[in-house]
Amino acid sequence: MKPIENFEKLIRDLHVLDINTSAEMDRRILHDTLKVQKKCKRTKLAETQPDIWRKIMKSSITKLAVAAILVVIGLGILSIIDTGSKSGLVWAQVARNVEASPGVIWRLRGTGSRDPDDDWPNGYKITWRSAAITRTDNYRGGQIYRTIYLNYDAKTVIWVAHDAQKYSKEAMSDEQVQRAQADKERWTDPRSLLNLCLSVEHHELSQKIINGVLCEGIEAMAPGGITGRMWIAVETGYPVLVEVEAIDDKGIRHTSTLDQFQWNVDLLAEDVEPEIPADYQSLGLEGEMKILSEQGKKELLKVEEILRDGTIAWKVHVYKYELSDGQTKEMREGGDGMPVYSQDQFKEFKPKLEEFRQLKKAGPGEYLGTSEQAVEGRVFTFKREKYLLSDGTEVIWSVGTPKDGQ
Amino acid sequence: MLEDKVLIWKFKYGSGEALCRIYEKYIKDLLRLAAILSNNACDAEDIVHDVFVSFAQSAETLRLSGNLKSFLLTCVANRARNKNKENQRWQMAGLDEAESVASQSKTPEQWIIQSEELRRWSNIMAKLPYEQRETVILHLRAGMKFRQIAQSQGVSVNTVKGRYRYGLNKLRSILDGEVEK
C-alpha cells in the first residue's frame, strides 16, 4: 500500500477531474440567476452601511417608526416635534439646520463583532455628502485604503482601492441611482438619525463640553434595544457627536460614533471626486466603456446583420472606444432591431445559426450586391450575401462599413 | 481575493456583470465538486443552479466572513447533502417511483461535458459513505480546513478528522484493489 501522504497528493493533484459546462447549461443558469437578481430590487451598497444601521433595519418596529418620521418630514410638520431645552436650544430648529445644510462631512467609527476582513477595530470612515454626491474614504491604521464615490447627477460610481492601486469607474442605471439615494436618505445620514432620535421616546442629557464646545444632548431609546445619543453645539445649533448602541441577538454590543462634523459646506462634485493617480490600474474597462457608451463617445466601425427569411435575426454593432489609459478597445454590441430571444426561441434558432456559420466559414454565399444606408448619422456601405440552409431557410448576411473612412 | 471583493461589492450593488463573472470564475470548481459529491450529472447541474439562484437572491443580506470560493463551495456541499438525503428518500419510496422521476430528468450529456476519468472517479468516490466522500473531497479538492468542514457539516472537528481518515483508507483500498485486478 502507498503511504497516505502520496495518496492525498494523488487526489489533490488530479487534473483528470476536468469538467466543462455546455453553452446550454451556462445559458440556463445565467438566465435564471440574472432574472432572480433583477427581481431582488432591494439590494444595497453595503460598503456604505455601517452594521449598526443594518441592525436598526432589522427591527420592524423601528422601520415603522422611521417610516412615520419620513411621512412627518414629507408633510413638513416636523416643527410640531419641539422638546425645547433649558438653554433655549430648539430641537426643531436643529432639524431645520440639518435639513438646510447643503453638504456635510463626518467621521464614523464602529465597534462590535464585524467581518474579520473589515477594518474593525482600527479603522474609520470619512463621508462627504450632499444632495448630488456621496464620497466615503475608508481608513485603516491612519492610511486611506478605499474610496467609494457616488455621483447621483452624473450617474457614476467610482471605486478606488488605494492599497492595491486599482480603481473602477462605472455608470449607474436610474434604478441604481434611486436605490443609492433611498439608502442615503434613510440609513447612512446623520439627518435621519436626528429625526429618529426626535421621533421616539427621548430625554435630555445634561450639558457637556465636547472639544471645547458647549453641547446639549438627547438620549433616545428606540424599540429593539437601540440607544441613540446626539449632542448639539448650543452656539451653532448643529450636531457635533452622535452615538448609537445596540445589543445583538448574541448579546454583543455594537456601537457607532459619528463625529468631526463639518456642516453647511458646499460640496462641488469636481472638488470631491477622487483623483486617480496615473499609476493606478483600471479594474473595469467594461465599466468605463459603459460610461463612454452612455455619453456617445464611441465610434461605430461595423454593422453585421443576419436576415432570416426576410426578418432581422441577429444584429451586431462593432464600436471602438478610446479609454482613459490610452488603450483603444473594440466591443460588439447588440444593434437596434436585434431581437430578444427567450431560452426556447434561442434553442430553436441556435442550430440554424451554427449551420449558417459553418457555411460562411466554408466559403462566401451568393453575392447580392451592395447598398448604402445611414446608421447612427453615418453612411455605411453594406455588402450582402445569401446562404441557403438545409431546411430551406434563406439567410442573408450583411456587413456594413463606413463609406467615408474605410 | 481583491477581484472577489470588487465583484462582491458590485454584485451587492446589483451588477449583472459581476454575477456573470463570479459564475465564469467558479462554475468549474463548483460543478466538479457537485459532480463528485452527487455522482450524477443532472443532480450536479441542479445543485449548482440552485446555489447560484440563492446566491443571486442573497445580495442584500450577504456578508462574507471568508473568501467567496469557500463560501460557494460550502453552499454546493450543503445542497449536495440535501440532495443526497432527498435521493435516499426517493429510493425508500420505491423503485418504480424513482425510475419515473429519473426518466423525467435531462440526459447528463446534454448539460455537462465531463471526462471519462471524472466519471470513473465519481464512481469510485460513490463507494464511500456520503459523509466520508464529502469530507475527503472538501479537504483535498476544495482546500477546505477540517474546522470549516466541521462547521459546514455541523459536527465536531474530531468527527470530521475521523471521517477523513476512514474515507481515505477506504479509497486507498478501492484503488489498490483496482490495480490488483
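Predicted model: local features only at pLDDT ≥ 70, side-chain atom pairs only at ≥ 80, totals over all residues.
Author: Residues are numbered from 1 along each chain as its sequence is written, chains are lettered from A and ligands numbered from 1 in the order in which they are written, and side-chain values use heavy atoms, with hydrogens and water left out.

Reader: Why is A:Cys215 called buried?

Author: Buried means under 20% relative accessible area, exposed means over 50%, and partly exposed lies in between (1.4 Å probe, protein chains only). A:Cys215 has a relative accessible area of 0%, so it is buried.

Reader: What makes B:Cys75 partly exposed?

Author: The relative accessibility of B:Cys75 is 22%, and therefore it counts as partly exposed.

Reader: How many disulfides are there over all chains?

Author: A disulfide is a pair of cysteine sulfur atoms within 2.5 Å. By this rule, the count over all chains is zero.

Reader: What makes strand 3 of chain A largely enclosed?

Author: Strand 3 covers residues 123-130, and seven of its eight residues are buried, so the rest of the structure largely encloses it.

Reader: How do you know that strand 3 of chain A pairs with strand 2 and with strand 4?

Author: Two strands pair if DSSP finds at least two bridges between them. Strand 2 (residues 103-111) and strand 3 of chain A share six bridges in the antiparallel sense, with A:Val104 opposite A:Arg129. Strand 3 and strand 4 (residues 133-140) of chain A also run antiparallel, joined by seven bridges, and here A:Ile126 stands opposite A:Asp137. Two residues lie between strand 3 and strand 4 of chain A, which form a hairpin.

Reader: How do you know that the span of helix 3 of chain B agrees with its length?

Author: The expected span of a helix is 1.5 Å times one less than its number of residues. Helix 3 of chain B (residues 41-57) has 17 residues and should therefore span 24 Å; its end C-alpha atoms are 24 Å apart, which agrees. This helix of chain B is also mostly covered, with 13 of its 17 residues buried.

Reader: What is called a nonpolar core, and which residues have the most contacts inside the largest one?

Author: A nonpolar core is a set of buried Ala, Val, Leu, Ile, Met, Phe, Trp, Tyr and Cys residues joined through side-chain atoms within 4.5 Å. The largest has 58 residues, and B:Ile22 and B:Phe55 have the most contacts inside it. Helix 2 of chain B (residues 16-38) gives the most to this core, with 13 residues. Apart from it lies another core, of 19 residues, including A:Trp106 and A:Tyr238.

Reader: Which residues does B:Phe55 touch?

Author: Contact means heavy atoms within 4.5 Å. Leaving aside residues up to four places away in sequence, B:Phe55 touches residues including B:Ile8, B:Phe11, B:Leu19 and B:Ile22.

Terms used:
Helix = DSSP H or I, 4+ residues; strand = E, 2+ residues; numbered from the N terminus.
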